[in-house]
Amino acid sequence: MTTIYMNHQALIISIDEFKKQIPGYNPDKAEEFHRQSAKMADKAFEKALKSSEFAKVIFVSGGSASGKTEFITSQLFDEDAIIFDSTLSSEKGAEIKLRKVQKVKKKIELVTVIPDDLNRAFIAFLNRDRKFDEQHFFKTHSGSRKTLL
Amino acid sequence: MKIVISHYAKKKLQYKEVDLNQNALNKFLETIQITEKEIKGLIYDNSQ
């Protein structure tokens, strides 16, 4: 699983990292590669659940450009866990992932990153390399909060 | 569940954990709900 990266002890699975593995990936058209990279991350996650000895899974959720990846690399790098970096903006998708973890009897932790200012996060969203339609921002921030309920 | 608020300070993104007990958590989760339409409104109101 070359697209999973070990950061000290944690096994981090990031949908955005998988995009870089897709032939022809262009950050300017990141949205076109999102579905495929999400599928790749899901497969890698399943494999990690089955084959790794980590006893804990940490889901780091939050809308696009809320600071999830930076939080993982700065705060969770030494966790002895599988870390899934995802917006969790779909309740159904989140439920499926949680069930899979429960099935293999690993401990689940959920960390949600919420920006103090949506305008600031939107500017970060517009200025980063990976380009998505602005609807993606609205959808992921609204959806990830709804999933928490 | 842990909820952290990201904010900019000293030119970098920083995080502060929300201090919540189980009772306050549910209330907090309700207060942060926002629809796509509301976010869009918030963004465009501020851009004008």
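The legends below describe close-up views of a predicted model.

Residues are numbered from 1 along each chain as its sequence is written, with chains lettered from A and ligands numbered from 1 in the order in which they are written. Because the model is predicted, local features need pLDDT of at least 70 and side-chain atom pairs count only at pLDDT 80 or more, while totals for chains, interfaces and linings use all residues.

View 1. Strand 3 of chain A covers residues 56-61; strands (E, at least two residues) and helices (H or I, at least four) are DSSP runs numbered from the N terminus. Five of the six residues of strand 3 are buried, so the strand is largely enclosed by the rest of the structure. A residue is buried if 20 or more other C-beta atoms lie within 10 Å of its own, exposed if 12 or fewer, and partly exposed in between, with C-beta atoms placed from the backbone. Strand 3 runs parallel to strand 5 (residues 107-115) of chain A, joined by six bridges, and A:S61 has A:T112 as its bridge partner. Strand 3 is also parallel to strand 4 (residues 82-85) of chain A, through four bridges; here A:F59 stands opposite A:F84. Strands count as paired if DSSP finds at least two bridges between them.

**View 2. The β-α-β unit of chain A.** Strand 3, helix 3 (residues 68-75) and strand 4 of chain A form a right-handed β-α-β unit. Right-handed means that, with the strands pointing away from the viewer, the path from the first strand over the helix to the second runs clockwise.

**View 3. Helix 6 of chain A.** Helix 6 spans residues 134-148, and its end C-alpha atoms are 22 Å apart, which agrees with the 21 Å that its 15 residues should span at 1.5 Å a residue. The expected span is 1.5 Å times one less than the number of residues. Buried residues of helix 6 include A:H136, A:F137, A:F138 and A:L148.

**View 4. The contact between chains A and B.** The contact takes 24 residues from chain A and 21 residues from chain B, where two residues are in contact if their C-beta atoms, placed from the backbone, lie within 7 Å. Helix 6 gives the most to the chain A side, with seven residues. Strand 5 of chain A pairs in the parallel sense with strand 1 (residues 2-9) of chain B over five bridges, and A:P115 has B:S6 as its bridge partner. The model scores ipTM 0.87 and pTM 0.90.
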